[in-house]
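Subject: Structure for you to look at

Hi,

Here is the structure I promised to pass on. Please open it beside this email and follow along.

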Amino acid sequence: MVGDNCWNCRISQQKFQCGGCGFAKYCSRICQREHWKILHKSHCKYLSGKESLGPDHSVDSCKTCKKQPVNLNQPPAKVSSIICHLQMIDNELKIFSQQFVLKANSDYNDEKANKDKPIWNFPFKFGETYGDYLDFLDKILGCLQSIVSNLVLEYPEMKRLLTSQLYMSLVRFRSYHWAMSLQTASELERVSLTLNFIKSEFNAAGVLAIHQQISESQNGVSAWNTFLFLYEVLGVCTENLQLLTIDLKSLGDRVTYFTKPMKFTVNINNQEKDVYHESMLMQANEIKLKLENFEIWDGDSNLKPFHQILQQFHHFSGRIFLCVLCHDAVKPEKISYIFSSMKYFELFKSKETAVSESIVKACASKIEKGTPYAAFSIGCSFKVICNKGRCKDIFPAVSAYRVEIGLFFAGHLVKYASEFGYLHCWTCKLLSEKSHRCSICKSRLYCSQECLNHDWKVHKTICQELKDAGTQVKIGSKLRKKLVDIGKKKAYNIYAAVIDEPKMFAES
């Protein structure tokens, strides 16, 4: 369930539901009318069952089904062609439908409707079937689901584990994302809300357990390598992309550690080493751009060689990668992938050093002697280590400093998210220090005159009603400062348990 708050203001308690579909829920008639004009009008006709976007999935019309050359009843030993997970794993979409209803409307009950099948229709199309995804996050989740289908065919003895641990997690993530898309028309906001949910359920330990069981070459075409990489990219996004929800321009020089390149001095094998990383903001914008344009299937609908997938996420566009430590050239086709962010997520959840160290050893066990490897981590983006000379046997040390950078970044991010959580622009959805209340109703915040003007066509129809009701008045600066201080202390208490960096919360 997406929560008990109003679908429009998402602050006040739900009091009634839309009479047309029974899905949307609001705190007042004011919010209902506003949300209808902004978004719900385009969804209600489908959720009520009055209209349909067409078949959710049909083997005869599905674009993915038409491309897959594999006979699912007699699959080959090695599967590299695209597989339709909607046909293979979630036939008739029973799994996804159940999760979608659970996330969007837990009160919905088909038995009450006295129907043999649901009376509602999906308000969005599956990109696997029609070719157009809801957004880049919907696409990466769909690609990961498709890769699980390849893995199930390749490792039939692990089908139950792959579907229960991996596929079901992805279904929950994606159904939640679709549910969020019913509430907000802003891609920035729905992606942010979904990423927060993904972070809370990110199954790093489960992926590691499967990783230890799968034995295959790390080079060439590898469905597991591709899944591992994209799943970690998804995990990194749960922190990195949240930076795009903050109006950094309004903060000026207060956030230079977000907007300028960074240099870290780390101790590797008892030697001090300067390591440089792109700015956090550049990393966030770059990963979003790459996710909007990445492709894992070639023109013949086969999975691309792993190094070609890696190249799409590399900071530079050449065929040669450079070792982040010694700067020696590394050929992409020689690179394996190591799931390095797992320590961050498990350390953050359990706060037990012994657990995190066992994870590092498990990840390091997959490193082949003399074989270069790549890793994608929070705050460090995509980096390659040549694994030769002074750069061999250093994964534990590298993993440690990357976790510290990730926590440093996340700590600052939480700090400012707490500070400006009460300054959420109603139009662009940015957390901005420049946000100000509507001078009439004081119930909507805008970060600029442009955002106010953009919303005025709808807002002018309810502004006086909001003023008269007085139920959604935004808090003033004094109370906001008090609540911000409480939020910052709470944020520090969370991160103080895993990182000794009290100064990050002492800065102005």
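First, confidence. The mean pLDDT of the protein chain is 81, and 82% of its residues reach 70 or more. Keep in mind that this is a predicted model. Helix 1 (residues 29-47) has the highest mean pLDDT among the elements, at 96. Helix 15 (residues 353-364) has the lowest, at 62.

Two stretches need care. Over residues 110-117 the pLDDT is below 50. Beyond near neighbours in sequence, that stretch has 3 contacts in the model. Residues 498-508 also have pLDDT below 50. There the model shows 26 contacts beyond near neighbours in sequence.

Next, the aromatic rings. How many aromatic pairs does the structure hold? There are 28. A pair is described by the distance of the ring centres and the angle of the planes.

Start with Phe100 and Trp120. Their ring centres are 5.5 Å apart. Phe100 belongs to helix 4 (residues 94-104). Trp120 is in the loop between helix 4 and helix 5 (127-130). The two residues are 20 apart in the chain, and the pair links distant parts of it.

Are these two buried or exposed? Phe100 is buried, because its relative accessible area of 0% is under the 20% cut-off. Trp120 is buried too, with a relative accessible area of 7%.

Now stay on Phe100. It also forms an aromatic pair with Trp178. This one is edge-to-face, with 6.3 Å centre to centre and 80° between the planes. Trp178 sits in helix 7 (residues 159-183). Phe100 in helix 4 is 78 residues away from it, so this pair links distant parts of the chain as well. Trp178 is buried, with a relative accessible area of 0%.

Phe100, Trp120 and Trp178 belong to one aromatic cluster.

Last, two charges over rings. The charged end of Arg29 sits over the ring of Phe16, 3.9 Å from the ring centre. Lys429 lies over the face of Trp426, and here the distance to the ring centre is 4.7 Å.

Best wishes

Note on methods
Residues numbered from 1 in each chain as written. Predicted model: local features only at pLDDT ≥ 70, side-chain atom pairs only at ≥ 80, totals over all residues. Heavy atoms only, no water. Phe/Tyr/Trp six-rings, centres within 6.5 Å; stacked < 30°, edge-to-face > 60°. Helix = DSSP H or I, 4+ residues; strand = E, 2+ residues; numbered from the N terminus. Buried < 20%, exposed > 50% of the residue type's maximum accessible area, 1.4 Å probe, protein only. Lys NZ or Arg CZ within 6 Å of the ring centre and 35° of its normal. pLDDT = per-residue confidence, 0-100. Contact = heavy atoms within 4.5 Å.
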